[in-house]
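Here is a structure to read through questions and answers. Each answer sets a value against its definition.

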Amino acid sequence: MDVLVMGGTGYFGLAAVEQMLEAGHRVSIFSRGNSRPGFWDDIEHIEGDRGDAKGLARSLEGRRFDGVIDNQCFNRREAESAVRALRGRVGRYVVASTVSVYGEAGHSHRRSTAAEPLADEERFAVDYRPLEPVRESDLDVSGQSWEYRDDVDEYGEGKRMMERVMLESPDDWPWIVVRVPATLGPADPSGRFAWWLTRILDGGPVLLPDGGLHAVQVGFSEDLARFLVRLLEDGPPRNTYNYAQAETPALVNWLRIMAEAADRPLRAVSVPSEVLERHSGLPWREWSFAPFSSCPLLMNLDKAQGDVGLDYRLSGEEWTRRTVEWYAADPGRLSTAKHGEERPAEIEFAGRWSRALEDLGPRLDV
């Protein structure tokens, strides 16, 4: 296959390129060329800026591709420019969307907390609470406004607009949309995995809202790349798919796997979420703080499994261990973890909370 990748020099896009080269596909990458991975001599580079619609059309004029993987399409304008540049000259166009199109994390500008609750329209594109795990058909983007709302995050809004462009595109445009959760693994640039690992490695207490008993559902970068390639090769066009790993562990159990892989104890301190929000003084309202500690959203994977099949090469335990080992090989990579300056305050609050429980214990025994 002749394949074009838009956004193939970093993270799961890079993993997809590596897998396609290994499978014998011919790969072209459209990028500015600022990052040049080790496979650079094995691909064709098409230089350009994804945000320049006219430049994109000029760069791709007359080119034909069996498939396109687009990991860099974030809004209506970029989606429409891809259709104009490639329509009639591509076999399948696989584009990455996000779980945030459903709502919650990545939908609102901040968290809904006990002290500052959000209105439902700020939290949800579709109220998935009675539906979870949410199916692709539970969200209808055909009515998505083309206007950005002030009370909703631009990222989720842009991805919903991108999906509406696909849905309303001409019948011969062979789009496949993949809704992706927070995706982790080696080389994760987000710092979300590193956030927890740094706290486990320093040996201090780890605050877990409500004990971390809620389920979490994430992606693994190599398996996501494999799913994108499978869709490119054999996916039914004009379809939307949820993708995530099969396991939905409780947050505390996932952290136990991480701690065991790091050969450290998990010093979990369970605190009611309302207490953390109201009394800890820590910025729990920020989405980047304590990732996965609240607002879980689970996606149903039946459609992807039934239509295409989900190929998980590693279990949740295995890819978590591999990711810990990747950080251990170069601890400097842990610098991606955010809110390190809050760590002393976390430890101090954990101590105060533990002492308060000890003082309360004898009274409860009376």
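Q: Why are helix 6 and helix 11 called roughly perpendicular?
A: Their axes cross at roughly 75° and come within 11 Å. Angles of 65 to 115 degrees count as roughly perpendicular, under 35 as roughly parallel, over 145 as roughly antiparallel and the rest as oblique. Helix 6 and helix 11 are therefore roughly perpendicular. Axes here are lines fitted to C-alpha atoms, for helices over the stretch in contact, with angles from 0 to 180 degrees between N-to-C directions.

Q: What kind of model is this, and how are residues numbered?
A: This is a predicted model: local features need pLDDT of at least 70, side-chain atom pairs count only at pLDDT 80 or more, and totals for chains, interfaces and linings use all residues. Residues are numbered from 1 along each chain as its sequence is written, and side-chain values use heavy atoms, without hydrogens and water.

Q: Which residues of helix 6 and helix 11 meet?
A: Phe 193, Ala 194 and Leu 197 of helix 6 meet Trp 319, Thr 320, Thr 323, Val 324 and Tyr 327 of helix 11. Contact means heavy atoms within 4.5 Å. By class, this contact has 6 nonpolar, 2 polar and no charged residues.

Q: What makes helix 3 roughly parallel to helix 5?
A: The axes of helix 3 (residues 76-86) and helix 5 (residues 154-167) cross at roughly 30°. That angle makes helix 3 roughly parallel to helix 5. The contact includes Ala 79 and Val 83 of helix 3, and Met 161 and Val 165 of helix 5.

Q: Why does Leu 4 count as buried?
A: Buried means under 20% relative accessible area, exposed over 50%, partly exposed in between (1.4 Å probe, protein chains only). Leu 4 has 0% relative accessibility, so Leu 4 counts as buried. Leu 4 lies in strand 1 (residues 2-6). Among its contacts beyond four places in sequence are Ile 46, Leu 60 and Phe 65. Leu 4 and Ile 46 are 42 residues apart in sequence, yet 9.3 Å apart in space, C-alpha to C-alpha.

Q: What makes a set of residues a nonpolar core?
A: The members are buried Ala, Val, Leu, Ile, Met, Phe, Trp, Tyr and Cys residues, joined through side-chain atoms within 4.5 Å. The largest such core has 82 residues, and Trp 196 and Trp 254 touch the most other members. Helix 7 (residues 221-234) gives the most to this core, with 7 residues. A second, separate core of 23 residues includes Val 90, Tyr 93, Met 166 and Trp 175.

Key. Helix = DSSP H or I, 4+ residues; strand = E, 2+ residues; numbered from the N terminus. Nonpolar A, V, L, I, M, F, W, Y, C, P; charged D, E, K, R; others polar.
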